[in-house]
Amino acid sequence: MTGPDLSPKPATPSTAAANDRVAGSLPFADRTDFDLAERGRVTSSPQRQITGEGGGVTWDLDSWSFLEGPAPDTVNPSLWRQSQLCSIEGLFEVVDGIHQVRGFDLSNITFVRGETGWIVIDPLTSAETARAALDLANQELGERPVRAVIYTHSHVDHFAGVRGITTDEDVAAGRVRIIAPSGFLEAAISENVIAGNVMTRRATYMYGTLLPRGPQGLVGSGLGQTAPLGTFGLIAPTELISATGTELVVDGVRIEFQLTPGTEAPAEMNFLFPDHRALCMAENCTAVFHNVYTPRGAQIRDALGWSTYLHESLELYADRADVSFASHHWPRWGAEAMRHHLASQRDLYRYLHDQTMRLANHGLTMLEIAEELALPPSLGDEFFNRDYYGTLNHNVKAVYQRYLGFFDGNPAHLHPLPPVESGRRYVEFMGGADELLRRAQESFDAGDYRWVAQVVDHLVFADPENMAARALQADALEQLGYQSESGPWRSFYLTGAQELRTGPPPVVVKSAEKPDVMAAMTVDMLLQFVGVRLNGPRAAGLDLSFTLEVRDASAEGGGAGAGEVHAVGLANGALHHRAGGPHPDAGATVSTTHAALVAAITAGRLDQLADDGDSTVDGDVGVLSQLSDLLDDFELFFPIVTP
């Protein structure tokens with residue numbers, strides 16, 4: 001007896017027809033964006049594969065060579081077009097003195113010529129891709145030292161490649177300035193440590209990390225192609241921008257800043273180069289409808305605030321700039337085109353916000369609004385407002401959740417059964433597994449893939465060993481992926497299909513905290529992370545306390561400082577701590593360095609400080625051992641589409 005077919009499938013006639021309808025509904029003959037994406041090209045990259053120190057490939061430019069010609073029926077033609085645009089790579093001139101390297105990473109890196117060196121904006125996701133971009137700029141434009149780095153915001157693809165372009169020594173010596181918006185470190189650390197493991201796992205779905213590249217797999221994320229595999233780093237800012245209107249002269253270049261907190265990132269800023277008449281819009285105004293909620297998981301963004309800040313950008317800079325550029329996609333040249341782009345995206349986020357809440361106030365629920373709301377043609381027909389990254393559907397849900405939370409007011413939805421238990425009962429109510437699958441197959445054959453994915457999910461969670469259910473669920477998700485205009489939706493659907501067929505990656509990978517991020521954390525942040533790892537139920541009956549002295553800590557994060565003393569306690573299954581003095585009932589006093597504390601917390605063994613040459617433990621080291629025994633390890637590849 002043979003089992004179900006678990007192989008990837010071609011597009012069904014229903015999917016091919018759906019994609020044909022898209023092909024006939026948008027002005028694909030308009031090549032304006034292709035002209036903009038190619039404009040100012042200095043050179044393509046002669047280096048087709050970017051490798052790391054161990055010889056592994058971090059980024060392969062040729063892996064996107066399949067993105068040629070018309071869209072196959074396994075890819076939404078609108079997403080295919082966007083992926084073609086995002087795969088255009090090389091070194092480009094924005095205006096005299098400002099260049100970008102695009103196509104080396106999920107994001108762009110920008111080089112501004114100063115009096116003596118480079119000002120680098122957003123040094124990509126990995127040291128390898130950032131170094132390759134710097135090498136290309138130096139090769140083509142003349143070698144110059146890096147004098148400053150500007151982080152536009154707190155997402156990893158805009159700072160994590162910093163060690164590819166500068167060093168801790170140059171920053172510490174004052175040879176390189178690192179400038180970021182106020183709140184940058186707190187926001188970066190929150191995403192990469194406190195929720196780091198689950199976000200990283202979900203990011204493998206969102207960016208298609210585990211998918212093969214090709215017409216039946218990963219074609220791009222819409223925001224860029226995907227995130228590279230490489231060396232992640234963080235060097236803490238030396239200067240923070242805390243107010244709109246702040247002006248700096250950086251290596252002889254004037255820059256005027258606009259803070260935009262809570263827009264695309266919790267800490268973000270736009271800025272004008274007045275002498276170049278060039279406006280950097282960070283990631284606040286790009287060639288996509290962005291995420292107000294990002295499916296990898298993050299705090300809900302403020303669509304109303306986003307729109308308000310874009311309006312402020314127009315008022316502050318529209319008459320003082322002739323080009324706008326961002327850390328993704330391609331610039332907009334000409335004052336009229338720039339203003340049109342900014343105004344359209346301003347109205348996009350405002351329309352999303354206002355119309356979602358209008359319908360909510362009429363009593364429609366989150367799901368109902370998401371199905372009903374559509375953009376007016378003046379917004380929705382613009383390619384740069386399309387659902388390539390964020391979608392109108394899930395952004396509606398984000399706005400609703402920001403104001404009203406997950407609960408829609410219907411008490412039947414207040415305390416639903418969890419997936420496994422509800423799945424078993426749904427299957428029983430539907431007449432058993434065989435009957436559910438028979439009806440679901442009929443729905444699949446009719447092209448009703450959303451319903452198949454929804455209903456068969458109950459059987460998969462009721463009986464994850466039912467491979468016929470997993471196969472049908474995978475086939476439905478696959479067709480939904482083929483039809484998706486959104487790169488992340490496609491990757492979620494196709495990764496879910498892949499893992500239903502083959503399971504998550506078989507290797508056990510314990511979450512590894514990013515060492516540079518940990519090194520930048522304050523002592524308070526480090527202790528917060530210990531609290532997240534604490535197994536509360538196991539710790540519930542334990543009371544302990546100790547004093548933690550970190551001799552070189554500073555309130556701004558890792559590095560030399562005057563030192564801090566924290567009182568740390570455990571009670572009722574929760575860790576509590578405060579800075580400012582010793583614990584009055586301390587069972588032990590720990591004196592250590594910031595680096596040693598980071599190493600101990602990363603290892604999950606605070607008691608290793610007793611054997612560290614830079615640390616001392618006076619009192620009962622068993623206090624640290626007891627706490628260490630209660631810290632969880634997180635496995636990266638936990639299941640998502642199965643229990």
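1. Two strands count as paired here if DSSP finds at least two bridges between them. In this predicted model, strand 9 and strand 10 (residues 239–241) pair in the parallel sense over 3 bridges. Within that pairing, Ile179 has Glu239 of strand 10 as its bridge partner.

2. Strand 9 spans residues 177–181 and is mostly covered, with 4 of its 5 residues buried. Strand 9 also pairs with strand 8 (residues 146–150), again through 3 bridges and in the parallel sense. In that pairing, Val149 stands opposite Ile178 of strand 9. As background for reading such strands, side chains in a regular strand alternate between the two faces of the sheet.

3. A further sheet is open and made of 6 strands, ordered 11-12-13-14-15-16, with mixed pairing. Its edges are strand 11 (247–250) and strand 16 (332–333), each of which pairs on one side only. Inside this order, strand 14 (residues 278–280) and strand 15 (residues 323–325) run parallel and are joined by 3 bridges. Cys280 stands opposite Phe325 of strand 15.

4. Strand 2 (residues 49–51) and strand 3 (residues 57–60) run antiparallel, and 3 bridges join them. Thr51 has Val57 in strand 3 as its bridge partner. The two strands make a hairpin with 5 residues between them, where Gly55 takes a positive phi near 90°.

5. How many aromatic pairs does the structure hold? The count is 18 aromatic pairs. One of them joins Trp59 and Trp64, whose rings are tilted at 45° between the planes and lie 6.4 Å centre to centre. Trp59 and Trp64 are both buried. Ring pairs also link Trp59 and Trp64 with Phe66 and Trp80 in a cluster.

6. Is Phe406 buried or exposed? Phe406 has 63% relative accessibility and therefore counts as exposed, since the cut-off for exposed is over 50%. Phe407, at 26% relative accessibility, counts as partly exposed.

7. Two arginines lie over aromatic faces. Arg31 is placed over the face of Phe34, 3.7 Å from the ring centre. Arg201 is placed over the face of Phe638, 5.9 Å from the ring centre.

8. The model has 4 cavities of 30 Å³ or more. The largest cavity holds about 120 Å³ of space. Its lining has 17 residues, and those nearest its centre are Cys86, Arg102, Gly103, Asn108 and His329. By class, the lining of the largest cavity is 8 nonpolar, 7 polar and 2 charged residues.

9. The second largest cavity has a volume of about 70 Å³. Which residues are the closest to its centre? They are Cys285, Thr286, Ala326, Trp330 and His341, out of 13 residues that line the second largest cavity. This lining divides into 7 nonpolar, 5 polar and 1 charged.

10. The second largest pocket contains about 1200 Å³ of space. It is lined by 47 residues, with Val156, Thr200, Ala203, Phe232 and Lys514 nearest its centre. The lining of the second largest pocket comprises 23 nonpolar, 15 polar and 9 charged residues.

11. Which helices each supply at least two residues to the lining of the second largest pocket? They are helix 6 (184–194), helix 7 (196–206) and helix 19 (523–533). Helix 7 gives the largest share of that lining, with 7 residues.

Notes: Residues numbered from 1 in each chain as written. Predicted model: local features only at pLDDT ≥ 70, side-chain atom pairs only at ≥ 80, totals over all residues. Heavy atoms only, no water. Phe/Tyr/Trp six-rings, centres within 6.5 Å; stacked < 30°, edge-to-face > 60°. Buried < 20%, exposed > 50% of the residue type's maximum accessible area, 1.4 Å probe, protein only. Lys NZ or Arg CZ within 6 Å of the ring centre and 35° of its normal. 1 Å grid on protein atoms, 1.4 Å probe; cavity = no way out; pocket = protein on both sides within 12 Å on 5 of 7 lines; lining within 4 Å. Points joined across faces, edges and corners; volume = space filled by probe spheres on them. Nonpolar A, V, L, I, M, F, W, Y, C, P; charged D, E, K, R; others polar.
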